[in-house]
Amino acid sequence: MVALLAFSGVFLFLDQWSKNLAEIHTTGRPIRLGRLLKIRCAAHPLMTFGVLGSRIVLPLLWLLSLGCAIALHHSGGWFQSRRALFGLALAFSGAAGNLADLLRRKHVLNFIDLGWWPVFNLADAGILAGLVVAFWPKG
């Protein structure tokens, strides 16, 4: 349990740190790293809820989702492997990073631009990779 919390904390820190670096160093002037990667800030505002609604509803949804994942783990049917638990930790810490952006900046800061894919951030990659790992079939 301690390892999962530490892993989540480190990933959340790296996500927020990378967003701050991108904001400081690329606002108004993108950085090209080779032919495939460009670092540029792209704010992704939340349009689904009002500011007050997002400040209340989104953290509650995050907590509800976390509670459901914990209940599924304790039921013995889902997320029993260490791999699945680390996948969930990665996904939830990524979601927490984007949630922190929404609450602090009022938008999610994306900065990784591959050109052929929508601009994203470490939190987005963590959510996707974590869910793939958590739900990967046993074998």
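Modeller: Let us begin with serine 8, which is found in helix H1; helices (H or I, at least four residues) and strands (E, at least two) are DSSP runs, numbered from the N terminus. This is a predicted model, in which local features need pLDDT of at least 70, side-chain atom pairs count only at pLDDT 80 or more, and totals for chains, interfaces and linings use all residues. Residues are numbered from 1 along each chain as its sequence is written, and side-chain values use heavy atoms, with hydrogens and water left out.

Colleague: Is serine 8 buried or exposed?

Modeller: Buried means under 20% relative accessible area, exposed over 50%, and partly exposed in between (1.4 Å probe, protein chains only). Serine 8 has 18% relative accessibility and therefore counts as buried.

Colleague: Which residues does serine 8 touch?

Modeller: A contact means heavy atoms within 4.5 Å. Leaving aside residues up to four places away in sequence, serine 8 touches Ala89 and Ser93.

Colleague: Which residues form the largest nonpolar core?

Modeller: A nonpolar core is a set of buried Ala, Val, Leu, Ile, Met, Phe, Trp, Tyr and Cys residues joined through side-chain atoms within 4.5 Å. The largest here has six residues, namely Ala69, Phe79, Ala84, Leu88, Phe92 and Ala134. Helix H3 gives the most to this core, with three residues. Apart from it lies another core, of five residues, among them Ala22, Ile39, Phe111 and Ile112.

Colleague: What does phenylalanine 92 touch?

Modeller: With residues up to four places away in sequence not counted, phenylalanine 92 touches Trp62, Ser65, Leu66 and Ala69.

Colleague: Where does phenylalanine 79 lie, and what is its phi?

Modeller: Phenylalanine 79 lies in the loop between helix H2 (51-75) and helix H3 (82-104). Its phi is near 55 degrees, a positive value in a residue other than glycine. Phenylalanine 79 is buried, at a relative accessible area of 8%. A positive phi is also found at lysine 106, near 70 degrees and again in a residue other than glycine. Lysine 106 sits in the loop between H3 and strand E3 (107-113), and its relative accessibility of 45% makes it partly exposed.

Colleague: Which residues form a nonpolar patch on the surface?

Modeller: Patches are made of residues with over 30% relative accessible area and no salt bridge: like charges are joined within 9 Å, nonpolar side chains (Val, Leu, Ile, Met, Phe, Trp, Tyr) within 5 Å. Accessible areas come from the Shrake-Rupley method with a 1.4 Å probe, and for residues only the protein chains shown count as cover. Val10, Phe13, Leu14, Trp17, Leu21 and Leu122 form such a patch, with about 540 Å² of accessible area together. Helix H1 (residues 2-26) supplies the largest share, five residues. Phenylalanine 13 lies in helix H1 and is exposed, with a relative accessible area of 54%.

Colleague: How many salt bridges does a search of the whole structure find?

Modeller: Side chains of opposite charge can pair when their charged atoms come close. A salt bridge is a side-chain nitrogen of Lys or Arg within 4 Å of a carboxyl oxygen of Asp or Glu. The search finds five. In one of these, aspartate 15 pairs with lysine 19, the closest N and O atoms being 3.0 Å apart. Both residues lie in helix H1, four residues apart, about one turn of the helix, and both are buried.

Colleague: What do glutamate 23 and arginine 105 tie together?

Modeller: Their side chains meet in a salt bridge (3.2 Å, N to O). Glutamate 23 lies in helix H1 and arginine 105 in the loop between H3 and E3, so the pair ties together parts that are 82 residues apart in sequence. Glutamate 23 is partly exposed, at 31% relative accessible area, whereas arginine 105 is buried, at 13%. Asp15, Lys19, Glu23, Asp101 and Arg105 are linked in a network of salt bridges.

Colleague: Which residue forms a salt bridge with arginine 40?

Modeller: Aspartate 113 does, with the closest N and O atoms 2.7 Å apart. Aspartate 113 lies in strand E3 and arginine 40 in strand E2 (residues 37-45), so this pair ties together parts 73 residues apart in sequence.
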